[in-house]
Amino acid sequence: MRILVTGGTGYIGSHTVVELMEQGYEVVIADNLSNSHAEVVDRIAEICGRRPEFCKIDLAARDETRDFFAAQQKLDGIIHFAAFKAVGESMLEPLRYYRNNLDSLLNVLEGMKEHHIPNLVFSSSCTVYGQPDELPVRETSPVKEAWSPYGNTKQMSEQILRFTVEAHGLKTIALRYFNPIGAHASALIGELPLGVPNNLVPFITQTAIGLRPVLNVFGNDYDTPDGTAIRDYIHVVDLAKAHVVAVDRMISGASASPFEIFNLGTGNGFSVLEVIHSFEKVSGEKLNYRIVDRRPGDVEKVWADTSYANRELGWKAGKSLDEMMLSAWNWEKALANKK
Ligand code: NAD
Ligand code: WQD
């Protein structure tokens with residue numbers, strides 16, 4: 001079975017390529033390296049003992065993508081990770097985000113239609129829920145008005161998929177990720193934020209290793225037990241494994257309907273301070289942090305109801321917060337050793 005992984009040299013994509021290859025899939029990666037590095041392919045080969053195919057291609061470019069699909073051998077499915085993902089940047093450059101995230105999806109869907117590629121897994125996000133009225137948040141919970149162009153591209157993408165799947169007889173699974181963190185146990189692949197990280201965990205590890213002077217904790221006056229905001233952090237390898245399950249599900253004809261949506265989280269919420277304390281425990285490092293004002297646009301608390309994914313996919317995230325933080329720290333140390 002041959003799977004195309006768009007964005008496959010990126011953070012979640014690279015971990016998913018490893019899991020697919022370990023399950024015996026042939027993988028072709030399509031990535032324009034706008035937020036990743038070609039060496040990731042070497043790291044994947046080192047982990048798996050064989051190399052995925054790699055094509056440097058801008059999937060938002062229609063002609064280029066057409067040519068790419070025309071040159072492909074038979075594909076059994078696609079996992080579409082390729083997108084821009086920085087919420088703050090999307091507020092400053094909305095058109096760039098709409099162009100890249102929507103054009104790439106449309107081009108991939110056109111390729112699927114023209115070349116009869118039946119199955120698609122799409123990277124969606126818990127951001128589509130905004131601040132849910134009820135917790136834990138279920139797949140049937142309402143999608144709230146988007147707070148950012150980035151979040152809006154995920155909502156629009158889900159709608160595009162809903163209609164396209166029906167018209168063209170494609171099967172799709174949209175996976176709504178909560179907060180992916182951590183890295184592969186080998187410490188050969190992990191998250192590589194360009195510039196100053198926006199996300200909590202890379203900011204923690206970069207502060208601890210001395211790349212940043214201090215971590216700002218955005219707000220301690222939320223309505224949560226310790227006043228800091230709560231998220232559902234999930235280990236990236238647990239997340240990656242869910243993609244393999246989703247692909248297997250579609251290929252084996254086990255989908256309950258042509259368009260399915262699943263939450264991918266652990267079902268547990270942790271506060272910013274709990275994450276910091278877990279990091280300090282597993283690393284033995286004292287983290288320099290200070291409380292500052294809330295970050296505009298942040299939700300107070302969100303965690304997933306994962307029962308539908310657990311039951312239907314037969315998948316469950318297994319890693320604890322401590323394991324996630326230790327793997328993130330090992331990755332940061334491995335990066336420092338390379339420099
Ligand atoms: P990432 O930036 O590490 O990976 C995305 C990859 O897509 C990068 O390698 C980038 O070079 C590539 N890419 C972007 N635009 C492209 C284009 N036009 N053509 C070809 N390649 C292109 O991001 P990630 O964290 O691995 O996220 C993967 C997906 O998951 C994205 O769709 C993201 O929106 C979604 N997601 C991420 C998170 C998160 O917190 N990391 C949470 C929810 C959803
Ligand atoms: C987590 C918590 C911050 C940095 C984002 C996207 C979302 C999804 C996942 C793609 C929050 C706090 C953070 C820092 C802090 N991505 N924090 N100091 O905001 O939940 O979600 O990534 O779909 O769409 O919005 O993740 O890691 O940025 O923040 O105190 O320096 O850590 O306020 O409470 P977030 P995050």
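How far is an oxygen atom of ligand 2 from an N or O atom in the side chain of Asn 199? The distance is 3.2 Å. This report covers both ligand sites, then a pocket and a cavity.

**Basis.** This is a predicted model, in which local features need pLDDT of at least 70, side-chain atom pairs count only at pLDDT 80 or more, and totals for chains, interfaces and linings use all residues; side-chain values use heavy atoms, with hydrogens and water left out. Residues are numbered from 1 along each chain as its sequence is written, while chains are lettered from A and ligands numbered from 1 in the order in which they are written. The protein chain averages a pLDDT of 97, and 100% of the residues score at least 70. pLDDT is the predictor's confidence in each residue, from 0 to 100. The model scores ipTM 0.99 and pTM 0.98.

**Polar contacts.** A polar contact is a pair of N or O atoms within 3.5 Å; within protein, one must be able to donate a hydrogen and the other to accept it, and residues adjacent in sequence count only if both atoms are side-chain atoms. The table lists contacts of both ligands.

| Residue and its atom | Ligand atom | Distance |
|---|---|---|
| Tyr 11, backbone N or O | ligand 1, oxygen | 2.8 Å |
| Lys 85, polar side-chain atom | ligand 1, oxygen | 2.8 Å |
| Lys 154, polar side-chain atom | ligand 1, oxygen | 2.9 Å |
| Ser 125, side-chain N or O | ligand 2, oxygen | 2.7 Å |
| Asn 216, polar backbone atom | ligand 2, nitrogen | 2.7 Å |

**Ligand 1.** A polar side-chain atom of Lys 154 contacts an oxygen atom of ligand 1. Taken alone, ligand 1 exposes 820 Å², and the protein buries 96% of that. Such areas come from the Shrake-Rupley method with a 1.4 Å probe; for residues, only the protein chains shown count as cover. 27 residues surround ligand 1, each with a heavy atom within 4 Å of it. The closest are Asp 31, Asn 35, Ser 36, Asn 100 and Tyr 150. By class, the shell has twelve nonpolar, eleven polar and four charged residues. Here Ala, Val, Leu, Ile, Met, Phe, Trp, Tyr, Cys and Pro count as nonpolar, Asp, Glu, Lys and Arg as charged, and the others, Gly among them, as polar. Helix H1 (11–22), strand E5 (119–125) and H6 each supply at least two residues of this shell. E5 gives the most, with three. Helices (H or I, at least four residues) and strands (E, at least two) are DSSP runs, numbered from the N terminus.

**Ligand 2.** 19 residues surround ligand 2, the closest being Ser 125, Tyr 150, Asn 216, Arg 231 and Asp 298. A polar backbone atom of Asn 216 contacts a nitrogen atom of this ligand. The protein covers 88% of the 680 Å² of accessible area that ligand 2 has on its own. Helix H7 (200–209) and strand E8 (215–218) each give two or more residues to the shell. E8 gives the most, with four. The shell divides into ten nonpolar, six polar and three charged residues.

On a 1 Å grid over the protein atoms alone, a cavity is a set of points where a 1.4 Å probe fits but cannot get out, and a pocket is an open set with protein on both sides within 12 Å along at least five of seven lines; lining residues have an atom within 4 Å of a point. Grid points are joined across faces, edges and corners, and a volume is the space filled by probe spheres set on the points.

The second largest pocket has a volume of about 220 Å³. Of its 14 lining residues, Glu 139, Arg 162, Arg 176, Phe 259 and Ile 261 are closest to the centre. H6 (149–168) supplies the largest share of the lining, four residues.

The largest cavity has a volume of about 100 Å³. H7 and helix H11 (321–338) each give two or more residues to its lining.
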